[in-house]
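Hi,

Here is the model I said I would pass on. Have a look at it first, and my notes follow below.

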Amino acid sequence: MGKLVDAMRARFQTRNAPKTARGQFNALMRKEKGNTAKVAERLGVSRRTVQRYVKGERNIAKSKPEILDRLQKEAVKDHQPRVTARAQKEAQRRGMTIETRASFGFTAGPDTTDDPRVRRLTEDVPEHLIPQVFDALRAGDEDELNRLLGQGLAEEYFRTPGTDAEQLDVEFTDIDYVELDLR
(Lines give C-alpha, C1' and ligand atoms only; values in the text may rest on other atoms or scores of the structure.)
Protein backbone atom coordinates (compact mmCIF):
# COMPACT_ATOMS: atom_id res chain seq x y z
CA MET A 1 0.00 0.00 0.00
CA GLY A 2 1.06 3.61 0.39
CA LYS A 3 2.26 5.68 3.30
CA LEU A 4 -1.17 7.12 4.12
CA VAL A 5 -3.04 3.81 4.04
CA ASP A 6 -0.26 2.17 6.07
CA ALA A 7 -0.30 4.99 8.65
CA MET A 8 -4.06 4.74 9.09
CA ARG A 9 -4.00 0.97 9.37
CA ALA A 10 -1.12 1.11 11.86
CA ARG A 11 -3.11 3.50 14.04
CA PHE A 12 -6.65 2.16 13.71
CA GLN A 13 -6.22 -1.62 13.46
CA THR A 14 -5.09 -4.02 16.15
CA ARG A 15 -3.69 -6.78 13.93
CA ASN A 16 -2.01 -6.84 10.55
CA ALA A 17 -3.89 -8.29 7.59
CA PRO A 18 -2.68 -11.69 6.36
CA LYS A 19 0.50 -11.37 4.33
CA THR A 20 0.60 -14.67 2.42
CA ALA A 21 -1.64 -15.43 -0.52
CA ARG A 22 -3.00 -18.53 1.26
CA GLY A 23 -3.77 -16.52 4.40
CA GLN A 24 -5.51 -13.83 2.36
CA PHE A 25 -7.51 -16.44 0.47
CA ASN A 26 -8.55 -18.17 3.71
CA ALA A 27 -9.61 -14.83 5.21
CA LEU A 28 -11.70 -14.09 2.13
CA MET A 29 -13.29 -17.54 2.27
CA ARG A 30 -14.16 -17.00 5.97
CA LYS A 31 -15.66 -13.60 5.19
CA GLU A 32 -17.85 -15.11 2.47
CA LYS A 33 -18.70 -18.11 4.69
CA GLY A 34 -17.22 -20.60 2.23
CA ASN A 35 -19.33 -19.43 -0.72
CA THR A 36 -17.01 -20.09 -3.67
CA ALA A 37 -19.26 -18.18 -6.09
CA LYS A 38 -18.96 -14.96 -4.09
CA VAL A 39 -15.19 -15.37 -3.72
CA ALA A 40 -14.86 -16.04 -7.44
CA GLU A 41 -16.85 -12.90 -8.22
CA ARG A 42 -14.67 -10.78 -5.94
CA LEU A 43 -11.46 -12.17 -7.44
CA GLY A 44 -12.65 -12.10 -11.04
CA VAL A 45 -12.02 -15.81 -11.62
CA SER A 46 -14.28 -18.78 -12.25
CA ARG A 47 -15.97 -20.65 -9.44
CA ARG A 48 -14.16 -23.80 -10.51
CA THR A 49 -10.80 -22.04 -10.04
CA VAL A 50 -11.76 -21.10 -6.49
CA GLN A 51 -12.82 -24.70 -5.84
CA ARG A 52 -9.41 -25.86 -7.05
CA TYR A 53 -7.73 -23.42 -4.65
CA VAL A 54 -9.83 -24.79 -1.79
CA LYS A 55 -9.03 -28.44 -2.59
CA GLY A 56 -5.34 -27.69 -3.09
CA GLU A 57 -5.38 -28.74 -6.75
CA ARG A 58 -4.03 -25.33 -7.66
CA ASN A 59 -1.61 -23.19 -5.65
CA ILE A 60 -3.04 -19.72 -5.02
CA ALA A 61 0.47 -18.31 -4.51
CA LYS A 62 1.36 -19.20 -8.12
CA SER A 63 -1.62 -17.37 -9.62
CA LYS A 64 -1.34 -14.49 -12.06
CA PRO A 65 -0.11 -11.20 -10.53
CA GLU A 66 -3.41 -9.43 -11.23
CA ILE A 67 -5.32 -12.12 -9.30
CA LEU A 68 -2.88 -11.83 -6.39
CA ASP A 69 -3.30 -8.03 -6.38
CA ARG A 70 -7.11 -8.35 -6.28
CA LEU A 71 -6.81 -10.98 -3.55
CA GLN A 72 -4.68 -8.68 -1.41
CA LYS A 73 -7.03 -5.71 -1.91
CA GLU A 74 -10.13 -7.76 -1.12
CA ALA A 75 -8.59 -9.36 1.97
CA VAL A 76 -7.37 -6.01 3.31
CA LYS A 77 -10.72 -4.36 2.58
CA ASP A 78 -12.49 -6.80 4.91
CA HIS A 79 -9.83 -6.86 7.60
CA GLN A 80 -11.15 -5.95 11.07
CA PRO A 81 -14.30 -4.10 10.00
CA ARG A 82 -15.59 -3.70 13.56
CA VAL A 83 -12.29 -2.24 14.77
CA THR A 84 -12.26 0.22 11.87
CA ALA A 85 -15.92 1.15 12.47
CA ARG A 86 -15.22 1.73 16.17
CA ALA A 87 -12.20 3.90 15.30
CA GLN A 88 -14.31 5.92 12.85
CA LYS A 89 -17.02 6.46 15.45
CA GLU A 90 -14.42 7.55 18.00
CA ALA A 91 -12.73 9.85 15.47
CA GLN A 92 -16.05 11.52 14.67
CA ARG A 93 -16.77 11.97 18.37
CA ARG A 94 -13.32 13.19 19.47
CA GLY A 95 -11.79 14.41 16.22
CA MET A 96 -8.65 13.31 14.39
CA THR A 97 -5.21 14.92 14.12
CA ILE A 98 -2.63 14.50 11.37
CA GLU A 99 1.06 15.13 11.88
CA THR A 100 3.20 15.08 8.78
CA ARG A 101 6.34 16.27 7.14
CA ALA A 102 5.78 16.58 3.42
CA SER A 103 6.12 18.88 0.44
CA PHE A 104 3.31 21.33 -0.07
CA GLY A 105 2.90 23.20 -3.33
CA PHE A 106 0.25 25.67 -4.39
CA THR A 107 -1.64 26.61 -7.48
CA ALA A 108 -1.24 30.35 -7.35
CA GLY A 109 -1.51 33.38 -9.57
CA PRO A 110 1.32 35.15 -11.42
CA ASP A 111 4.10 36.83 -9.44
CA THR A 112 3.63 34.48 -6.48
CA THR A 113 5.81 31.73 -5.08
CA ASP A 114 4.10 28.42 -5.71
CA ASP A 115 7.14 26.15 -5.54
CA PRO A 116 6.63 23.19 -3.23
CA ARG A 117 8.59 23.18 0.00
CA VAL A 118 8.86 20.80 2.91
CA ARG A 119 6.82 21.69 5.99
CA ARG A 120 6.13 19.93 9.25
CA LEU A 121 2.49 20.33 10.22
CA THR A 122 0.24 19.10 12.99
CA GLU A 123 -3.40 19.94 12.30
CA ASP A 124 -6.87 18.64 13.00
CA VAL A 125 -8.70 16.86 10.19
CA PRO A 126 -11.99 18.72 9.52
CA GLU A 127 -14.92 16.75 10.93
CA HIS A 128 -16.81 16.70 7.63
CA LEU A 129 -13.92 14.80 5.98
CA ILE A 130 -13.54 12.02 8.58
CA PRO A 131 -16.22 9.67 7.11
CA GLN A 132 -14.70 10.06 3.64
CA VAL A 133 -11.20 9.39 5.02
CA PHE A 134 -12.37 6.09 6.55
CA ASP A 135 -14.20 5.15 3.33
CA ALA A 136 -10.96 5.67 1.41
CA LEU A 137 -9.13 3.56 4.03
CA ARG A 138 -11.61 0.70 3.60
CA ALA A 139 -11.15 0.88 -0.16
CA GLY A 140 -7.36 1.09 0.20
CA ASP A 141 -7.41 4.16 -2.08
CA GLU A 142 -4.11 5.99 -1.45
CA ASP A 143 -4.85 8.73 -4.01
CA GLU A 144 -8.21 9.55 -2.43
CA LEU A 145 -6.66 9.59 1.06
CA ASN A 146 -3.96 11.93 -0.23
CA ARG A 147 -6.56 14.24 -1.76
CA LEU A 148 -8.78 14.26 1.35
CA LEU A 149 -5.98 14.79 3.85
CA GLY A 150 -4.42 17.44 1.60
CA GLN A 151 -7.80 19.18 1.46
CA GLY A 152 -8.07 18.98 5.25
CA LEU A 153 -4.61 20.44 5.75
CA ALA A 154 -5.43 23.18 3.25
CA GLU A 155 -8.61 24.08 5.14
CA GLU A 156 -6.95 24.09 8.54
CA TYR A 157 -3.54 25.60 7.79
CA PHE A 158 -3.27 27.29 4.42
CA ARG A 159 -6.62 28.89 3.66
CA THR A 160 -7.51 32.13 5.41
CA PRO A 161 -11.13 33.28 5.10
CA GLY A 162 -11.56 36.72 3.56
CA THR A 163 -8.18 36.69 1.77
CA ASP A 164 -6.81 35.51 -1.56
CA ALA A 165 -5.64 32.35 0.22
CA GLU A 166 -9.28 31.33 0.76
CA GLN A 167 -9.36 29.67 -2.70
CA LEU A 168 -5.82 28.27 -2.54
CA ASP A 169 -5.35 24.77 -4.02
CA VAL A 170 -2.76 22.74 -2.13
CA GLU A 171 -0.74 19.77 -3.39
CA PHE A 172 0.27 17.27 -0.68
CA THR A 173 3.27 15.34 -2.07
CA ASP A 174 6.59 13.71 -1.15
CA ILE A 175 5.44 12.56 2.26
CA ASP A 176 8.43 11.97 4.53
CA TYR A 177 6.32 10.70 7.41
CA VAL A 178 2.72 10.86 8.52
CA GLU A 179 0.96 9.92 11.75
CA LEU A 180 -2.75 10.05 12.50
CA ASP A 181 -4.26 10.05 15.96
CA LEU A 182 -7.42 10.84 17.84
CA ARG A 183 -7.60 14.20 19.64
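At roughly what angle do the axes of helix H1 and helix H7 cross? The axes of H1 (residues 3-12) and H7 (residues 130-139) cross at roughly 100 degrees and come within 10 Å; axes here are lines fitted to C-alpha atoms, for helices over the stretch in contact, with angles running from 0 to 180 degrees between N-to-C directions. H1 and H7 are therefore roughly perpendicular to each other, a label that covers 65 to 115 degrees. On the H1 side the contact (heavy atoms within 4.5 Å) is made by Val5, Met8, Arg9 and Phe12, and on the H7 side by Val133, Phe134 and Leu137. Six of these residues are nonpolar, none is polar and one is charged; Ala, Val, Leu, Ile, Met, Phe, Trp, Tyr, Cys and Pro count as nonpolar, Asp, Glu, Lys and Arg as charged, and the others, Gly among them, as polar.

Before you go further, some ground rules. This is a predicted model, where local features need pLDDT of at least 70 and side-chain atom pairs count only at pLDDT 80 or more, while totals for chains, interfaces and linings use all residues. Residues are numbered from 1 along each chain as its sequence is written, and side-chain values use heavy atoms, with hydrogens and water left out.

Now the overall picture. The protein has eight helices and three strands, taken as DSSP runs numbered from the N terminus (helices are H or I with at least four residues, strands are E with at least two). Along the sequence the order is α-α-α-α-α-α-β-β-α-α-β. Of its 183 residues, 42% are buried, meaning under 20% relative accessible area with a 1.4 Å probe, protein chains only.

Next, helix H3 (residues 36-43). Its buried residues are Thr36, Val39, Ala40, Arg42 and Leu43. They sit on the same side of H3, because they cover an arc of only 165 degrees around the axis, taken from the directions from the helix axis to the C-beta atoms. Their cover includes helix H2 (21-31), helix H4 (47-55) and helix H5 (65-77). Glu74 is in H5 and counts as buried at 13% relative accessibility. Leaving out residues up to four places away in sequence, Glu74 touches Leu28 and Arg42.

Lastly, Ser103 in strand S1 (residues 96-107). Ser103 is buried, with a relative accessible area of 9%. Apart from neighbours within four places in sequence, Ser103 contacts Pro116, Arg117, Val118, Glu171, Phe172, Thr173 and Asp174.

Cheers

Methods. Buried means under 20% relative accessible area, exposed over 50%, partly exposed in between (1.4 Å probe, protein chains only). Angles under 35 degrees count as roughly parallel, over 145 as roughly antiparallel, 65 to 115 as roughly perpendicular and the rest as oblique.
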